Amino acid sequence: MAARRRTLRILTGAAAASLALVSTAWSRPDPPGHEVRAQAPAAEGPATLCAPAGVLRGADGERATVSLCAGSGTPVMAVSAPANCSRPGTSVRYACLTSGTWTAKRQGRTVASGTLPGSQPYPGPGVYDVTATVHVRSTPGGVDLRGTVRAVLTLSAPKQRPTHRVEVDRTTLRRGATTTLTYRVYRDSEQGDGSARFGLIGEESTGVRISTADARCVNPLIGRAPSKARLTYSVDCALTDLQPGRPATVRVQVTQGSACSTVVSKLGYWMPRGQALYTGGMVEGPTVGCG
């Protein structure tokens, strides 16, 4: 029995000594020359940031708690206004439908605006003061409120470099004249392929006509078959050979009447990722005014 007690005391003492050594090691500073390096944060990917924006109240106690959300990390900033709806004296779990308009300011200057939900080109990282005029309705019915809400959102994702761009050689068209516009369509990214759809459109009510001899372009066909009617104020071009360092050139003739029409342009492009469905984007091209 005495031998067993001595063995227990020896083991207990060894355990205490080990614990003391560990405790001392934990409290000891790092030896000279030892450097602790924090891992660099991973590049920020697409994400959505939401913040409380306001509470709308009705005369009968209806209530809608609204948040404003903005997505970043993609070429566009998507803004939405989710809400929670309630009424006093009921246990109904309402679903909320929110619509309206929004405006985003950065350093006091408006940098984006649109409808809810909706998106605009991402202006880049910064602190955004987002204001929205919202209409909140519930399902089932019972909550129907309108008002203005506001939130400050800090977005840190970097602005992506554009992969495509469009340039034009003129900024103004002349009333009662035919003007030739030369567009240059660039693909600046190694990603994706050489395919893109380039479109031009004027104001239908002015009688403007847009035409081209470029075989890659057509005036879009409209109407039910066998109709051969085409839009005379719009041109659609299928480009297939865009390469970095090799832009495409498209020349069109714009004929103005007594009324004056601007001409806007846009470019849709593909950035393949295997068999994923949504792989492209849209670039806003230059607008040519009329003076």
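What follows is a chat about the disulfides and strands of this predicted model.

Reader: Before we start, what are the ground rules for the model and its numbering?

Author: This is a predicted model, where local features need pLDDT of at least 70, side-chain atom pairs count only at pLDDT 80 or more, and totals for chains, interfaces and linings use all residues. Residues are numbered from 1 along each chain as its sequence is written, and side-chain values use heavy atoms, with hydrogens and water left out.

Reader: How do you know whether Cys-85 is buried or exposed?

Author: Buried means under 20% relative accessible area, exposed means over 50%, and partly exposed is in between (1.4 Å probe, protein chains only). Cys-85 comes in at 10%, so it counts as buried.

Reader: Why is the disulfide of Cys-217 and Cys-237 called right-handed?

Author: The torsion about its S-S bond is about 105 degrees, so it gets that label. The S to S distance is 2.1 Å. Cys-217 lies in strand S15 (residues 217–218) and Cys-237 in strand S16 (residues 234–239), so parts 20 residues apart in sequence are tied together. Cys-217 is buried at 8%, and Cys-237 is buried at 0%.

Reader: And what makes the disulfide of Cys-260 and Cys-290 left-handed?

Author: There the torsion is about -75 degrees, so the disulfide is left-handed. The pair links distant parts of the chain, 30 residues apart: Cys-260 is in the loop between strand S17 (248–255) and strand S18 (264–270), and Cys-290 is in strand S20 (residues 289–290). The sulfur atoms are 1.5 Å apart. Cys-290 is partly exposed at 24%.

Reader: How many disulfides does a search of the whole structure find?

Author: Four. With the bonded cysteines numbered in sequence order, the pairing reads 1-2, 3-4, 5-6, 7-8.

Reader: On to the strands: how do you know that S1 and S2 pair?

Author: Two strands pair if DSSP finds at least two bridges between them. Strand S1 (residues 47–57) and S2 have 10, in the antiparallel sense, so they pass. Ala-51 stands opposite Leu-68 in S2. Five residues lie between the strands of this hairpin, where Gly-61 takes a positive phi near 90 degrees.

Reader: What about S2 and S3?

Author: Two bridges join S2 to strand S3 (residues 76–80), running antiparallel, so this pair also meets the requirement of at least two. Cys-69 stands opposite Ser-80 in S3.

Reader: Why is strand S2 called largely enclosed?

Author: Seven of the 10 residues of S2 (residues 63–72) are buried, so the rest of the structure largely encloses this strand.

Conventions: Disulfide = S-S within 2.5 Å. Helix = DSSP H or I, 4+ residues; strand = E, 2+ residues; numbered from the N terminus.
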